[in-house]
Amino acid sequence: MQSAITQFLRYLATERNASDLTIKAYREDLFAMVEWFRATRGEVPKPQSLSPQELRTFQAALQEAGYARTTIARKLASLRSFYRFAMRQGIADSNPAKPLRNPRRQRKLPHVLSNDEVGRLLLAPPGGDTAGLRDRAILETMYSAGLRVSELVALRDRDLDFEQQILRVRGKGRKERISPLGSFAIKAIKKYEQRRIRDPKTEQLGRDAPVFVNRFGNILTTRSVGRMLDKHIAVVGLDSRTSPHTLRHSFATHLLDRGADIRSVQELLGHKSLATTQIYTHVSAANLLSVYEKAHPRAN
């Protein structure tokens, strides 16, 4: 089993050109299954020996352990992908994960900031030092373009086109898209670029150098961005649910609130499916209902 999984991960990297994060997720999901069978059966099963019934037992164990429904669905998807590969390679005769049903997803509305809250957050970083200028540029860019954190830290100097007011974004599956970049974000990035620190190694990269770096001049991590945001959230006093992804949620919701059509928002977010974007129409409707209930004299 371990050998087959290793082959599958190598296939993802070399032939599917999957991102490091995608490969990491598959590795964790598949080896978690291996370790569960090792612990419960005392041995690691061969790929061709597993049955749908045994995998249903594994799925039930995940549910009993309190894993989120989305996490369980992802693990099942990893198993299905692995077995499709195993069948093509002659490692397995069937896909025992195919009959398994994903747990029904809970449709939770994403947490969104109001226009006023976004404004307060964007102004939270101090403008008198390099770190503050960088943080403000990061927040402005994430909100202006609706970026994921992984997309933000992957930005390179060559991805910025200030004249056209656009930037090139590498999204999930290494798919590229073009996103507009607002004037406030452009101004914030330019101010930061005048003060940012460059490590000699990254300086040699030229236009391939990362846009946002840490205090040593090295590329930022997603975790660093999360810690930075937590600091400014505490200063402004925003809801503790606020995360880097909240700015992306707010970006989409505010566009729909102001009349943008949902397919345009889908393109801007880089969503493969329109169904993924439709959650923001529910948020927008909920916002309108809240305003109605507060303002209309006969709403309640």
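Strands β2 (residues 166-170) and β3 run antiparallel and are joined by five bridges. Helices and strands here are DSSP runs, numbered from the N terminus, a helix (H or I) having at least four residues and a strand (E) at least two; two strands count as paired if DSSP finds at least two bridges between them. The model is predicted, so that local features need pLDDT of at least 70 and side-chain atom pairs count only at pLDDT 80 or more, while totals for chains, interfaces and linings use all residues. Residues are numbered from 1 along each chain as its sequence is written, and side-chain values use heavy atoms, with hydrogens and water left out.

I166 has P180 as its bridge partner in β3, L167 has S179, and R170 has E176. Five residues separate the two strands, which form a hairpin, and G173 in its turn has a positive phi of about 65°.

Most residues other than glycine have a negative phi. Q165, in the loop between β1 and β2, is partly exposed, with a relative accessible area of 38%; the term lies between buried, under 20% relative accessible area, and exposed, over 50%, with a 1.4 Å probe and protein chains only.

Together the three strands form an open sheet in the order β1-β2-β3, with antiparallel pairing. β1 (160-161) and β3 stand at the edges with a single partner strand each, so one side of each is left without a neighbour in the sheet.

In a regular strand the side chains alternate between the two faces of the sheet. In β2, L167 and V169 make up a covered face, and I166, R168 and R170 an uncovered one.

R248 lies in helix α11 (residues 244-257) and is buried, with a relative accessible area of 1%. The unreviewed UniProt entry carries the annotation "active site" for R148, K172, H245, R248, H271 and Y280. UniProt positions follow the numbering used here, feature names are shortened, and annotations may be inferred rather than shown by experiment.

Within its numbering, N17 lies in the loop between α1 (2-14) and α2 (20-41). N17 has a positive phi, near 55°, in a residue other than glycine, and at 44% relative accessibility counts as partly exposed.

P103 is found in the loop between α4 (69-88) and α5 (115-122). At 14% relative accessibility P103 counts as buried. Leaving aside neighbours within four places in sequence, P103 is in contact with Q59, Q63, R69, I72, A73 and L76. P103 and Y280 are 177 residues apart in sequence and 22 Å apart in space, C-alpha to C-alpha.

The protein chain as a whole has 14 helices and three strands. Its C-alpha atoms fill a box of roughly 65 × 60 × 35 Å, taken along the principal axes. Of the 300 residues, 41% are buried. Among contacts between residues at least 6 apart in sequence, 59% join residues at least 24 apart. The chain exposes about 17,100 Å², of which carbon and sulfur atoms supply 49%; accessible areas come from the Shrake-Rupley method with a 1.4 Å probe, and for residues only the protein chains shown count as cover.

Key
Contact = heavy atoms within 4.5 Å.
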